[in-house]
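Here's a quick tour of one model, taking in its pockets, a strand and its nonpolar cores. Have a look at the sequence and the fold before reading on.

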Amino acid sequence: MNNRNKTNKRATVPRPKMTLMAVFAAVALTMDELVKQAQTEGEVDWSAAKPQAQMQPAIDLFEQKYPGIKVKYTNTKAPDQVSQLKVEVAAKKVSIDVAFAGGLTVPPAQTLADTVDWTQYGVPAEDSMFSNKLVYIWSAPKVWAYNTTKVKPADVPHTWDDLLNPRWAGGQVAADSRADFMTVWDLDPSMGQDKADAWAKQFAAQKPHYTTDTTSAESLIESGQVSIGTSLINLVLEAQKKGAPVAMAPISPTNANESYLYVPKGAPHPAAAVLLTSFLSSDPAQAALAKSYNSRIPTSTDCSNPGQSTVLKTICAAGIKWDPTTADGYTSLADFFPKAQTALGTNIG
């Protein structure tokens, strides 16, 4: 048999289609290529746990800089978003391009997030967190606030133990029943679970007014229904801007409550997602976010250069110290909170 005359045909095997995120992982697109691809996609769906009004100045800047790309924003609580994305990623029907993570949602977000060489797109290395999964965009330090018409200057608490003073008993203090306000007790080496439980039991004996989350106490403080309560620095500053009788108590240390954005695996508009996330890390976007007190601050106590950040200036002027949350820290909080809730007496059901 003459094999030279035999046609040797190989079965044609189609090459697997490389997704855009696979391209990022292999050979990253240049910034110009990224912009062109994002403009081809035409839109980007961003979901985060903030009112749209606070994000709108940065959204407007993005749409002005990159015409043809429309930002669709949704205000969604981080736990709800994680639950949604777990289902969508598993079903390969992801609807969110830019997702949000903070607190206990950081560990699951790392498994949902795609890997991007963020420094390729202008994100500082120190803000590209957890193996290029998440990008640090803003911080809202947890603080204690008080009603200035109900609390005399001499009575303002300065330490955690000051909150145990009998004058604050009987519902005068509002606090988050989930113990989220106690985050720093787990993260600060000088505090820890045992000290946290002992403090929480004494605090519970004061019969505080428990709320569903850290921020719910803010309206109670502003209206004078309570004298002191848990809050976030951006809420206090917003209240002061509106003329509410609210001020921040200089109780230290605290937790900086870092917030991150990421691109979920299978995002429908991945180039636009990377472009928006990197843009939100830029100086112009940070300046826009700072107007609603939502920009970055150093991840640990650093008051050497407050710049134009009202948040940083305020907590530095109060002498409040804070430390970063590591990957291990986020994981340990899952064990810390149930124990703290037991000590507070809020673990019912």
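How do the residues of the lining of the second largest pocket divide into nonpolar, polar and charged? They come out as seven nonpolar, eight polar and five charged, where Ala, Val, Leu, Ile, Met, Phe, Trp, Tyr, Cys and Pro count as nonpolar, Asp, Glu, Lys and Arg as charged, and the others, Gly among them, as polar.

## Ground rules

This is a predicted model, with local features needing pLDDT of at least 70 and side-chain atom pairs counting only at pLDDT 80 or more, while totals for chains, interfaces and linings use all residues. Numbering runs from 1 along each chain as its sequence is written, and side-chain values use heavy atoms, leaving out hydrogens and water.

## The two pockets

A pocket here is an open set of points on a 1 Å grid over the protein atoms alone, where a 1.4 Å probe fits, with protein on both sides within 12 Å along at least five of seven lines; lining residues have an atom within 4 Å of a point. Its volume is the space filled by probe spheres set on the points, which are joined across faces, edges and corners.

The largest pocket holds about 1,100 Å³ of space. It has 38 lining residues, with Ala49, Ala78, Pro79, Arg178 and Asp180 nearest its centre. Elements giving two or more residues to that lining include α4 (78–91), β12 (258–262) and α13 (327–344); helices (H or I, at least four residues) and strands (E, at least two) are DSSP runs, numbered from the N terminus. The lining splits into 16 nonpolar, 14 polar and eight charged residues.

The second largest pocket has about 520 Å³. Helix α11 (residues 283–290) gives the most to its lining, with four residues.

## Strand β5

β5 pairs (at least two DSSP bridges) with β4 (residues 128–129) in the antiparallel sense over two bridges, and serine 128 stands opposite valine 135. Four bridges join β5 to β12, also antiparallel, with tyrosine 136 opposite tyrosine 260.

## Nonpolar cores

A nonpolar core is a set of buried Ala, Val, Leu, Ile, Met, Phe, Trp, Tyr and Cys residues joined through side-chain atoms within 4.5 Å. In the largest, of 71 residues, Trp144, Trp160, Met182 and Trp199 touch the most other members. α13 gives the most to this core, with seven residues. Apart from it lies another core of 39 residues, among them Val44, Val116, Leu275 and Leu280.

How values were computed: Buried < 20%, exposed > 50% of the residue type's maximum accessible area, 1.4 Å probe, protein only.
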